[in-house]
Amino acid sequence: MATSDKITLFISYARDDDKDFVQRLYHDLTEQGIDAWWDKEDIRNQGQTFLQVIQEQVFQRDVLILIVGPEAAQSEYVRYEWQHALTYGKLIYPVLRKGDYTLVPPELKNYHCYDFSTESSYRTDLPKLLDDIRDSIGKSGALVNVPAYPNHYLRRADVDQVKNSLLEDVTTTVIASARTMALHGMGGIGKTVVAIGVARDMQIRRSFTDGIIWLTIGQKPDMLQKLNALAKRLGHGGDYRNIDDATSALQARLAEMRALLILDDVWQPDHAEPFRNLIAETRNRLLITTRRKSIHDELGGQLHRVDLLPIADAVTLLNDWAGKQDPDAAAVVKRVNRLPLAVKIAGARLARGMSGAEWLT
Ligand SMILES: Nc1ncnc2c1ncn2[C@@H]1O[C@H](COP(=O)(O)OP(=O)(O)OP(=O)(O)O)[C@@H](O)[C@H]1O
Ligand SMILES: [Mg+2]
């Protein structure tokens, strides 16, 4: 399935190795239609906020290119960047710019390292690297209708728990009832955002090679329209006149596929059931988000409860929205019960000039 999404890429480098080269690489990648990011403004000097920006940028991107050189080998920031990428299943490509191959971190020794050390090797290896990246992305499931990360996205531990359950379920033989997973929790707690984090994870995308397909259900969905939307997204018509025709066509299509279907905001078991039945006895998986635990009770499968943010995460989210470190951040997030939606609203207030102390009064 083709993806219309641009390749998103993070360039990890040490300024003192060869900043001019990185600028040129950035330019060459951009010319190839790649959405690349590099720390050109030297935000590293901004300390704490830098790590947040890096975290966000690494999370938002599918690929990390590590520019290997003597300074990069020494840089704690560079290590932080590629380790994050590694932890979160991003595609990593080391390229040698200065020094020799012994400078590639031991953890990445098994990765092919491209040679960008001379003008001629750069000219031959850059197209190879781009082919390899496109090939890898091509083998990853496309994101179909998956929303973007919210502003100041904070990757919660939930994402990894859900991801690991889904991946375990994919690689082991399972009973039919384990093929759905429900994210359950109160309104505004961050269920949809956790589902976005799971959907956009590269390890998930590499496991569900036929795509990650997102459907928003809501309180009163037109089920025929939802099934048609799914058929359309699978490249299979999409104008069925009745539910039976749509489901039998979809059944045939899904039988050959390995996709992750996400139903966001389910209110009634009846609205998830047709999809659950469609993926039964196939290699596809269903992930739903719902405020109602009863939906899971009826559907079966696994359950993951999304809870309030841990206090440290809530403070990070507040400060990110505020654009500053407020001394009363902890008290503010406690007052709003660490509910992400409320933390965001309070943070936006602080960004407009109010202090945490004023907000609390
Ligand atoms: N991990 C996060 N990082 C950054 N912002 C977040 C995060 N989780 C939640 N938010 C913020 O809180 C808002 C509410 O989160 P979300 O929409 O995921 O809640 P929900 O549990 O799906 O709620 P509902 O039951 O109403 O669908 C988001 O729009 C986002 O701004
Ligand atoms: Mg939601």
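1. Which side chain has an N or O atom 2.7 Å from an oxygen atom of ligand 1? That residue is arginine 291. The pair meets the polar-contact limit (N or O atoms within 3.5 Å).

2. A note on the basis. This is a predicted model, where local features need pLDDT of at least 70, side-chain atom pairs count only at pLDDT 80 or more, and totals for chains, interfaces and linings use all residues. Residues are numbered from 1 along each chain as written, chains are lettered from A and ligands numbered from 1 in written order, and side-chain values use heavy atoms, without hydrogens or water.

3. Backbone atoms also take part. A nitrogen atom of ligand 1 lies 2.8 Å from a polar backbone atom of leucine 154. An oxygen atom of the ligand is 3.0 Å from a polar backbone atom of glycine 190. The protein covers 86% of the 620 Å² of accessible area that ligand 1 has on its own (Shrake-Rupley method, 1.4 Å probe).

4. The shell around ligand 1 holds 18 residues (a heavy atom within 4 Å). Leu154, Gly188, Lys191, Thr192 and Arg291 are the closest. By class, the shell has nine nonpolar, five polar and four charged residues; Gly counts as polar here.

5. Helix H7 (191-199) and helix H15 (340-351) each supply at least two shell residues. Helices are DSSP runs (H or I, at least four residues), numbered from the N terminus.

6. The protein is divided into domain 1 (8-139), domain 2 (157-305) and domain 3 (311-360); the bounds come from an automatic or database assignment. Ligand 1 lies between domains 2 and 3, because both give residues to its shell. The C-alpha centres of domain 1 and domain 3 are 33 Å apart.

Notes. Polar contact = N/O pair within 3.5 Å; in protein donor to acceptor, adjacent residues only side chain to side chain.
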